[in-house]
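Hi,

Here is the structure I promised to pass on. Please open it first, then read my notes below.

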Amino acid sequence: MTALPPSSAAADLSALYADHLAEQQRRTEHALQRGGFDALVIASGIEKFAFLDDRPYVFQPNPHFKLWVPLVQHPDSWLVIRPGHKPRLVYCQPEDYWHVPPAAPSGFWVEHFELVIVRKAADAAAHLQVPGRLAIVGEADAALGELVPNNPPAVLNALHYARAVKTPYELLRMREASVLGAQGHLASQRAFRDGGSEADVHRAYLTAVGLAERELPYGNIVALNEHCAVLHYQYQEVKAPAQSLSLLVDAGAHSCGYASDITRTTGHGDPTFQALLDAMEASQLRLVDQVRAGTDYRDIHLAAHAECAKVLRQLGIVKMTEEEMLAQRVTSTFLPHGIGHLLGLQVHDIGGFMKDEEGCTLPKPEGHPYLRLTRVLQPGMVVTIEPGLYFIPMLLDQLRATPAAASVDWSLVRHLSAFGGVRIEDDVACTASGAPENLTRDAFDQLA
């Protein structure tokens, strides 16, 4: 695709954003009507502090707020959305010599708002008093006097259900986040091959994406060797192991509040582990191809277990038929998590279990408690597809106590346990045309 000149790209972005706001206005008016409210008031959130300390936690904006404006470091700000009115942004820009205050509002988005700048958080209250019944969305601690978040379910259910379908503007931002994340993963793999520690790999990632740790959409998982078997491994060892056998990095980036969520596993030359990586790569791509409109995401999750059984049999790890492994739930030892989740303003975007805008839910398949998405896919949804195959000591010990243990090649399991496991994760958009759009693979291809 030929790149647009800067002026054309800016015009295209502005047009996409205008259409995005029009769609959010439409969704909001529908939600307000359902709930019997006249206006939606959204708090960005407040800065929170550690107990008995003046040290703040990393600010996390209300996702409803950053759905409308590309502002992610702006506590004490508010939005007022009313039918027939331009959205009002109450922008808190305090006068402060202890910290850097937010810059004056500027950019492609400003013209679309009635902009009110306040210097103190409390001053926002006067600009939030609009006629009628207010649906106030935010955490309880964002309250300003009589303006207390009520988070009406009838309004939120409709907004959360609709938010799963991304606008073209949102997809643009997610493509940008994917490119940033891919840059980080390539840098982390280079650091691994150079013999870096987990901390070294993490630092290489941060440098490549150009984000501080506090700006990441979630805490990076950077695991070497047996640490790859810890699904949410939370540490980063400063000292490199005597021998680096494998690297698993689960890390993303964001663009204007929209996240990417990418996992790559890398080996260091062992042919047995490489065969596992190759088999998982082929399996993951087959699952990605199932991200199509009308597909029940639960079916993709169950297909992931069938794929896991196929890999276990092909590599001789478990000498049973695939049907026997599924019937005896052997695959749950090696794949104990869900195949993925919705992605967008949040890494685990809300609304993954919703059957409809009434708030009814769709159940998880029996025996699969950790699946985070049970909806039927629609064009515009972005999901992760992240199959894994791990050698987790606790789960392997449980497998040893079952009749299936006799069919396991425990010497092969012992060899592969030193590598921890494999996870490969792509961010995939469901399209109206049929074939899915793989945001992650496209990003890596673009960088190549």
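Which residue of β7 does V222 stand opposite? V222 stands opposite V249.

This is a predicted model: local features need pLDDT of at least 70, side-chain atom pairs count only at pLDDT 80 or more, and totals for chains, interfaces and linings use all residues. Residues are numbered from 1 along each chain as its sequence is written, and side-chain values use heavy atoms, with hydrogens and water left out.

Strands first. Helices (H or I, at least four residues) and strands (E, at least two) are DSSP runs, numbered from the N terminus. Two strands pair if DSSP finds at least two bridges between them. β6 (residues 221–224) pairs with β7 (residues 246–251) over four bridges, in the antiparallel sense. In a regular strand the side chains alternate between the two faces of the sheet. In β6, I221 and A223 point one way, V222 and L224 the other. All are buried (under 20% relative accessible area; exposed is over 50%, partly exposed in between; 1.4 Å probe, protein chains only).

Next, an open sheet has three antiparallel strands in the order β11-β14-β15. Its edge strands, β11 (382–385) and β15 (437–438), each pair on one side only. Four bridges join β11 to β14 (residues 426–429). V382 has A429 of β14 as its bridge partner.

Now the helices. The axes of α4 (residues 168–193) and α5 (residues 198–209) come within 8 Å and cross at roughly 145 degrees. Axes are lines fitted to C-alpha atoms, for helices over the stretch in contact (heavy atoms within 4.5 Å), and angles run from 0 to 180 degrees between N-to-C directions.

Best wishes
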